[in-house]
Amino acid sequence: MKRRSTQLIHPDTSRAKSEGAVKTPIYASSTYLFESAEAGAATFALQQGRPVDHEPAPFNYARLGHPNLETVEAQLLAVEGGQAGVHDALAFESGMAAITTTLLSLLKPGSVLVTTTPLYGGTRQFIRDFLEPWGLRTYALQPSSTAEQVLKDLDGRIPSILYVETPANPTNQIWDWKLLKDLKTSWGSSGQRVILLADNTYLGPCWQKPLELGADISLYSATKSMSGHSDLICGACVGDATLIRSICSWRNKLGNTASPFTAWLLSRSLETVELRMQATQRNAQILVPRLREHPGIQRLEYPGSGAMISIWLNGPENRNNAWKFLNALKIIQLAVSLGSNESLACHPASTTHSGVDPEERKQHGIGEPLLRLSIGIEDPEDLWEDLLNALDAANER
Ligand code: PLP
């Protein structure tokens, strides 16, 4: 069996190459020829889980599958450390497409959804503005929650999904995997299946393996470290093969399958994901101890690996210092998103999390002095000089 780094360069796909090309070309075709009517019918039967009595055509219609999708999904399975046959992977047109399609596939009318806090602003808004008005019961977990307490609060209703973001965007709040697994086991002992979904965007596929830690599915904004070049929006979902099959049928219906160009670009990026993530982590680990010592910073959260740093500036509880800091940056780019080759900085309260209710933001530590830093692969001394200069600007009277 090929090891991970080898699989990322040589994914297990036999059908995607053409004309002796070393790389899978971009298959800019919306539809695919059938050698016979029987072969066409067989591809649809296969996709819909019906018996197949003829050799199917390799592909039928690009929303349902195409060679670039097959290539990138093999890489996604490899980077996550998934096992062929047990696990499977899907690529989407955005991280939100992966998250919303997964939730819509697995929730039913009357389901209960338990989540950690905080969540990425877009996910929180989808739950608040779509799932809750459609009658789904949602419940925000506390770090001190117990299985019994949650059930009591839910009048005995067993949650069907436990949705986790750890470390959480934008505070780097960490959730204990033992607690999450215990909740799943305890609620699952009722006989009802409890599915543990983990948005692993923040640490990315190299530094945390949710499937090994007890999750059924890892979700990604693949726009972030998986793509790494700030030139692509895409999403991924990797995990339990049976659940993935059901999510895939919903992806086909909702129509947010990664296009040939999206899949090709993500595929190219995944070849270097480990190298890029090692480089960004190395830089973050140089900067974190220096930032911790700086008198302009009242609190810093860094999970010990990865490239995401949360800092809360000293000073009044308003946004003045944070905005002065951002406006003084010269190398680190003032932009949302994360996990890129270039370092990025943003003020979550006024951008990524501005759509979350102010009271909820406050409760989860997303205050005005909070800044989110995503460390890139520039020279760390240049980044340090930029940060020092911005901290000086923030603290100027
Ligand atoms: N999940 C997390 C943790 C994110 O940070 C983001 C985007 O910032 C998303 C999901 C949504 O992903 P996308 O922007 O690719 O739709």
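View 1. Thr-223 has a polar side-chain atom 2.6 Å from an oxygen atom of the ligand. Polar backbone atoms lie 2.9 Å from a ligand oxygen atom at Gly-95 and 2.8 Å from a ligand oxygen atom at Met-96. A polar contact is a pair of N or O atoms within 3.5 Å. Of the 390 Å² of accessible area that the ligand has on its own, the protein covers 91% (Shrake-Rupley method, 1.4 Å probe). The model is predicted: local features need pLDDT of at least 70, side-chain atom pairs count only at pLDDT 80 or more, and totals for chains, interfaces and linings use all residues. Residues are numbered from 1 along each chain as its sequence is written, and side-chain values use heavy atoms, with hydrogens and water left out.

**View 2. Residues around the ligand.** The ligand is surrounded by 14 residues, the closest being Met-96, Asp-199, Ser-221, Thr-223 and Lys-224. A residue counts as near if one of its heavy atoms lies within 4 Å.

**View 3. Lining of the second largest pocket.** Of the 20 lining residues, Met-96, Tyr-120, Asn-169, Ser-221 and Lys-224 lie nearest the pocket centre. Helix H4 (95–106) and strand S6 (217–221) are the elements that give two or more residues to this lining; H4 gives the most, with three. Helices (H or I, at least four residues) and strands (E, at least two) are DSSP runs, numbered from the N terminus. On a 1 Å grid over the protein atoms alone, a pocket is an open set of points where a 1.4 Å probe fits, with protein on both sides within 12 Å along at least five of seven lines; lining residues have an atom within 4 Å of a point.

View 4. Domain 1 (4–27 + 62–271) and domain 2 (274–395) both contribute lining residues, so the second largest pocket lies between them. The domain bounds come from an automatic or database assignment.

Conventions. Polar contact = N/O pair within 3.5 Å; in protein donor to acceptor, adjacent residues only side chain to side chain.
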